[in-house]
Amino acid sequence: MTGQVAIHRREGSFSDRWIAYCEQQGIAYKVVNCLDSDIIKQLSSLHALLWHWVHVDPREQLMARDVIAAAEAMDVKVFPSTSTCWHFDNKIAQKYLLEAIGAPLVPTYVFYDLKEALSWIDRASFPKVFKLRRGAGSSNVRLAHSAAEARALAERAFSSGFSPVPHYGQDALKRYRAAKRQGDLLNVVKRIPRVLATIQDNKRTMGRERGYVYFQDFIPGNDFDTRVTVIGDRAFTYTRNVRPGDFRASGSGDVVYDTGRINRKCVEIAFDVTRKVGSQSMAFDFVLGEQQQPFILEVSYCYISHLVHSCPGYWDDRLNWYEGHIWPQDAILIDLLNDLLQSKEKGWPACIP
Ligand SMILES: Nc1ncnc2c1ncn2[C@@H]1O[C@H](COP(=O)(O)OP(=O)(O)O)[C@@H](O)[C@H]1O
Ligand SMILES: [Mg+2]
């Protein structure tokens, strides 16, 4: 089947559902590989591109934003658009962006000079949260309990640096639990050599994070964080409990779908920020301060689709509640097609039945 919507296929990504949805609805689409050297030529006869590119693929990290910006220059509608993803997997970019639009980001400090960092550490209060700009599932987030710990982290940041790729052990327990749930332990063991080789390869390609140091004020007393995923005018919400004896929720796998736990201000802020950024979709991590005021920790256009689908419903931007389960991939595709429908150029919307 050929058509005017291009989908970059990667098994296990949003593309599985995008393709299934197009098949079901009779929407003409074409599978492309955005890593092809002539991808711009391939896209020149198409109207839209859907590409769930991810931070764990060093090749996509290297070139996805460039291809997207180039495609937009030819009037191809892309998910994720540049506004949606230029700051993806980059907490430094997010700091500047959220500050620029007056969003309630946790006070965040970044230094590009060791002397300046050390002088700030001398004056700062502790604990602070140390983060690498890249990473997910809390793998590159830790607490600097004291000035001495912060100094050691800063010194390393300006010398050997840190690998942003989590080592095998960091995810081992999660892998073990998932495999046990699926009765798949033997296969996990069989896959170990391949996973180790990929980790090694990614470490080499991604290089080390160095030449900057990033700290955030620590917001204490949060037993869970709040994840708000905005897609167009829908907001899906859930909370994640922190790991036992830890302050970190992301990646704990302990998800709670209790709307009673959701501070509505988080939803309002999420809609407001998404609109100001001009993003098609944005997932927010929130913690709450002493007065229950929401603080944004980070934002991302990528998320785990089944966790969003499991939400019992969603809010619109007037905080009306709609019951029911929706695949985020469907919502993304529907929004992109609506975007196409509104455009009169290129003989739209021949691809939409
Ligand atoms: N400044 C902070 N104060 C309190 N808790 C934090 C702070 N920053 C991060 N956390 C906790 O650590 C987790 C991971 O941090 P986050 O910035 O979301 O990184 P990741 O990209 O790994 O998800 C969050 O889910 C939250 O529970
Ligand atoms: Mg997070």
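The C-alpha centres of domain 1 and domain 4 lie 26 Å apart, with domain bounds taken from an automatic or database domain assignment. This is a predicted model, in which local features need pLDDT of at least 70, side-chain atom pairs count only at pLDDT 80 or more, and totals for chains, interfaces and linings use all residues. Residues are numbered from 1 along each chain as its sequence is written, while chains are lettered from A and ligands numbered from 1 in the order in which they are written.

**Domains and their meeting point**
- The assignment gives domain 1 (5-79 + 332-347), domain 2 (107-164 + 207-217), domain 3 (168-206) and domain 4 (224-319).
- Where domain 1 and domain 4 touch, 5 residues of domain 1 are in contact with 6 residues of domain 4; contact asks for C-beta atoms, placed from the backbone, within 7 Å.
- On the domain 1 side, those residues divide into 4 nonpolar, no polar and 1 charged (nonpolar: Ala, Val, Leu, Ile, Met, Phe, Trp, Tyr, Cys and Pro; charged: Asp, Glu, Lys and Arg; polar: the others, Gly among them).

**Overall form**
- The chain holds 12 helices and 15 strands, taken as DSSP runs numbered from the N terminus (helices: H or I, at least four residues; strands: E, at least two).
- Along the principal axes, the C-alpha atoms fill a box of roughly 65 × 45 × 45 Å.
- Of contacts between residues at least 6 apart in sequence, 65% join residues at least 24 apart.

**Buried residues and nonpolar cores**
- Buried residues make up 34% of the 353 residues (buried: 20 or more other C-beta atoms, placed from the backbone, within 10 Å of the residue's own).
- The largest nonpolar core has 63 residues, of which Ala 48, Leu 49, Leu 50, Ala 235 and Ala 270 touch the most other members; a core is a set of buried Ala, Val, Leu, Ile, Met, Phe, Trp, Tyr and Cys residues joined through C-beta atoms within 7 Å.
- Helix H10 gives the most to this core, with 7 residues, and domain 1 and domain 4 each supply at least three.
- Apart from this core lies another of 11 residues, including Ile 121, Ala 144, Ala 157 and Phe 215.
- Beyond its neighbours within four places in sequence, Leu 50 is in contact with Val 5, Ile 7, His 8, Trp 18, Phe 79, Leu 333 and Leu 336.

**Helix H5**
- Lys 91, Gln 94, Lys 95, Leu 97 and Leu 98 are buried in H5 (residues 91-100).
- Their cover includes strands S5 (108-111), S6 (128-131), S8 (213-217) and S13 (294-300), along with helix H10 (264-277).
- After H5 comes Gly 102, with a positive phi near 70 degrees.

**Arg 134**
- Arg 134 sits in the loop between S6 and strand S7 (141-144), and counts as buried because it has 20 C-beta neighbours inside 10 Å.

**Around ligand 1**
- The shell around ligand 1 has 24 residues, and the closest are Gln 216, Ile 219, Arg 248, Ala 249 and Ser 250; a residue belongs if its C-beta atom, placed from the backbone, lies within 6 Å.
- By class, the shell has 11 nonpolar, 7 polar and 6 charged residues.
- At least two shell residues come from each of S6, S8, S12 (281-288) and S13.
- Domain 2 and domain 4 each contribute at least three residues to the shell.

Note on methods: A residue is buried if 20 or more other C-beta atoms lie within 10 Å of its own, exposed if 12 or fewer, and partly exposed in between; C-beta atoms are placed from the backbone. Two residues are in contact if their C-beta atoms, placed from the backbone, lie within 7 Å.
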